[in-house]
Amino acid sequence: MAAAGADAGQVAAEAVAAWDAIHRALAPVVGPRGAAALHRRSLHVARASFPWLAAPCDALAEPGDFDALRRALASQPAVQAAAAHDCMLHTFLDLLASLIGESLTTRLLQGANDRPAGDISFQEPT
Amino acid sequence: MTDTRPVIARLGTGVQGLDQVLGGGLPEFSFNVIAGPPGCGKTTLAHQMMFALATPQRPALYFTVLGEPPLKMLRYQQQFEFFDERKVNACIRFVNVSAEAATGDLQQVLARIATEVEAHDPRLVFVDSFRSVVLAQDRGRSFIGLQEFVQQLGLLMTSWQATTFLIGEYFTENDPNPVFTVADGLIWLRQSVQRNSVVRKMEIMKMRGQATLAGLHSFRIGNGGLQVFAPPELQRGRPPAEAGSGAPRLEMGVAGLDEMMGGGLPRGYSLLVAGPTGAGKSILASAFLVEGARRGEAGVIAAFERRPNAAQGPVMTQLIGSGRVGVIDARAPGLSVDEIATLLIAEVRRLEATRVVIDSLSGFELALAPTFREDFRESLSRMVLALASTGATVLMTSELEDRYDDLRFSPYGTAFLTDAIIVQRYIEVDSRLRRVMAVAKVRDSAHSNELRLYEIDDTGIRIGTTLEGYEGLLGGRPSRRDRRSDPVDG
């Protein structure tokens, strides 16, 4: 059980690291609020399949603050957390691509994708 | 003494016609304002220039402030052909400073711009839109005023050797806005509305260090972005001696007409064919182009008649289809004479055409936006001169209401513009409507003074004889002449 809990925590940390990187790549271009609005929309869409995402949805987080999301993901089984994150990420990318095209989306998020997943700055403090 | 004055490099804007209007391009390191009401194409102009100018050696920063959400801007600007997404985040960076602007403190906006400029060392900087900077300042607690903001920004950009653009809205021309004083260049975009026609116009109200083309210049926004229509320039490089009465003559493609003109139409001349509806002006114009094509000369036609393709006949349709005769699309709303002139000259150059037809001036005037009709004569004169300077020979038709009490060639006073005139008329003879034509003028050349009957059939125009034994032909109702009382025959 503890192992499963640790896995969910890890999933949550990785997910938040990914969102953090996306926010860093996108906020300078579209503004922090612009980036946050897209993230919120993804949360809302994913919430339909993962009702436990209600908490981060309702939280009035500042742009770039993913703490509520981290807590929600960490509280779920790892598989569920990963599936929710996956759903959000797909929704987010589809949404952005529908607005500015797949090619420009890839280009704008290149910095986020290039960042190694294990980058120290995205590690959870132990 | 050696000249130690700084040399101002001029940047090609990538906007068709704009460099000409600017007087040779955009001065490097200049501080420019692009002003105008919403929807007039300011952001598009800025993007078009940025995508044309930005290179790895000349990177660009595009600051978006509070106005149009950047996502939407990127969405819409991508629809233009100039938007090269490979340049984004490579040599073009978009930077949103809405968070700083939202504080209402212009110093914060300036500080953020300075930080980004220091980080990326751009050669081109755009701030879109300036209006939101002004609004942000209006809201609040700014420690510096607008004028100071602009001055500091100008200073910063000049010392960073960045050519800068402020994109603004809602400026009024009469308002002595401090921004205008600081700016080196002021590009004003307008939408002129007259009746139900809307025409986009651009004016360079200021551009330090160079002579711009004064006046309002119409422009269009298409898939390729903006295209500015500057007044047609006289073309250089063609020996003028080649044109004129001593020049080789062009065959008209109608048997007998060349003889009437004293051996054809001198190359480089402009010819006006004036006549009433149905007299065969378009047929004559087509024959002129077909004859050119037969001799291996390319032609260009601007057809303003209602159904251009149907009116030209199968041979012309074939020539157009095979690309030997270029067609100017004259159906766009809100046309200006300068636009048609620009298109015609570009097509003449592309095809190395020697024959140009404008069919007809009456249709041309109707196709113009109302705002341009008043200046039709002046603009037309400029266009004819510019076309002549390409070395091409121009044939224009003009619809002429049949008036039998006077001999007029065109309702626009355009007759004086042209080097040669052919006039067509209807006359009534023995209860039949017959057509006659005459060569009224071929500058510096002898020509026939006969009024010749002609017919139009499937093969085109067939010129016949003079109508012997009649007088008063131009009155429309000729009468038989009494030979005994006529001392001169002919």
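Colleague: Which residues does B:Gln108 touch, not counting residues up to four places away in sequence?

Modeller: Two residues are in contact if their C-beta atoms, placed from the backbone, lie within 7 Å. Leaving out residues up to four places away in sequence, B:Gln108 touches B:Glu100 and B:Thr103. This is a predicted model, where local features need pLDDT of at least 70, side-chain atom pairs count only at pLDDT 80 or more, and totals for chains, interfaces and linings use all residues. Residues are numbered from 1 along each chain as its sequence is written, while chains are lettered from A and ligands numbered from 1 in the order in which they are written. So much for the conventions; the partners of B:Gln108 are B:Glu100 and B:Thr103.

Colleague: Why does B:Gln108 count as partly exposed?

Modeller: A residue is buried if 20 or more other C-beta atoms lie within 10 Å of its own, exposed if 12 or fewer, and partly exposed in between. Those C-beta atoms are placed from the backbone. B:Gln108 counts as partly exposed because its C-beta neighbours inside 10 Å number 18.

Colleague: Which helix of chain B holds B:Gln108?

Modeller: Helices (H or I, at least four residues) and strands (E, at least two) are DSSP runs, numbered from the N terminus. Chain B has 15 helices and 24 strands. B:Gln108 sits in the one spanning residues 106–120, helix H5.

Colleague: How many residues does chain B give to the contact with chain A?

Modeller: Chain A brings 15 residues to the contact. Its largest share on that side, four residues, comes from H6(A). From chain B, the count is 14 residues.
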